[in-house]
Amino acid sequence: QVQLVESGGGLVQPGGSLRLSCVASGSIFSIGTMAWHRQAPGKQRGLVATITSGDITNYADSVKGRYTISRDNAKKTVYLQMNSLKPEDTAVYYCNAWVTNIGRTLGNYWGQGTQVTVSS
């Protein structure tokens with residue numbers, strides 16, 4: 001079994017910063033691409049940023065230049081540094097990862113989400 005647990009969400013003023021973390025645990029052999037998605041109230045969940053096992057990154061246009069995704073493979077952790085936050089960044093942020101378990105089975109996993117609220 002594989003679990004993803006996010007942390008770091010909260011309330012921040014416009015223009016502020018937050019850093020999200022997502023730790024993977026369980027019967028893990030290797031971790032491939034990791035990603036952050038978000039879902040605002042009344043909207044569909046959308047991709048925010050991805051990072052491959054080779055540290056190639058990709059961002060949604062709405063967050064380019066403001067967000068940075070990174071990973072620490074030794075800690076099985078992916079991060080999302082969010083700067084210059086705007087009210088429209090308010091959403092539940094979800095971690096996602098492609099994980100090969102110790103049985104060599106590949107699966108796609110989601111965290112439970114962490115709330116980010118940008119408001120004055």
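Which residue does a disulfide join to Cys22?

**View 1. A disulfide joins Cys22 to Cys95.** The two sulfur atoms sit 2.1 Å apart, where a disulfide is a pair of cysteine sulfur atoms within 2.5 Å. By this rule the count comes to one disulfide. Cys22 belongs to strand E3 (residues 18-26) and Cys95 to strand E9 (residues 91-101), so the bond ties together parts that are 73 residues apart in sequence. The link of Cys22 and Cys95 is left-handed, with -80° about the S-S bond.

A note on the model: this is a predicted structure, with residues numbered from 1 along each chain as its sequence is written. Local features need pLDDT of at least 70, side-chain atom pairs count only at pLDDT 80 or more, totals for chains, interfaces and linings use all residues, and side-chain values use heavy atoms, with hydrogens and water left out.

**View 2. How the two cysteines are covered.** Are Cys22 and Cys95 buried or exposed? Cys22 is buried at a relative accessible area of 0%, and Cys95 is buried at 0% as well. Buried means under 20% relative accessible area, exposed over 50%, and partly exposed in between (1.4 Å probe, protein chains only). Across the protein, buried residues make up 44% of the 120 residues.

View 3. Thr50 is found in strand E5 (residues 46-51). With 17% relative accessibility, Thr50 counts as buried. Which residues does Thr50 contact, leaving aside its neighbours within four places in sequence? They are Thr33, Met34, Ala35, Ile56, Thr57, Asn58 and Ile69; contact means heavy atoms within 4.5 Å.

**View 4. The strands in their setting.** Here you can follow eleven strands and zero helices. Both come from DSSP runs numbered from the N terminus: helices are H or I of at least four residues, strands are E of at least two. Among contacts between residues at least 6 apart in sequence, 54% join residues at least 24 apart.

**View 5. Overall dimensions and charges.** The C-alpha trace spans about 50 × 25 × 25 Å along its principal axes. The mean positions of the 11 positive and 6 negative charges are 4 Å apart. Lys and Arg count as positive and Asp and Glu as negative, while His and the chain ends are not counted; each charge is placed at NZ of Lys, CZ of Arg, CG of Asp or CD of Glu.
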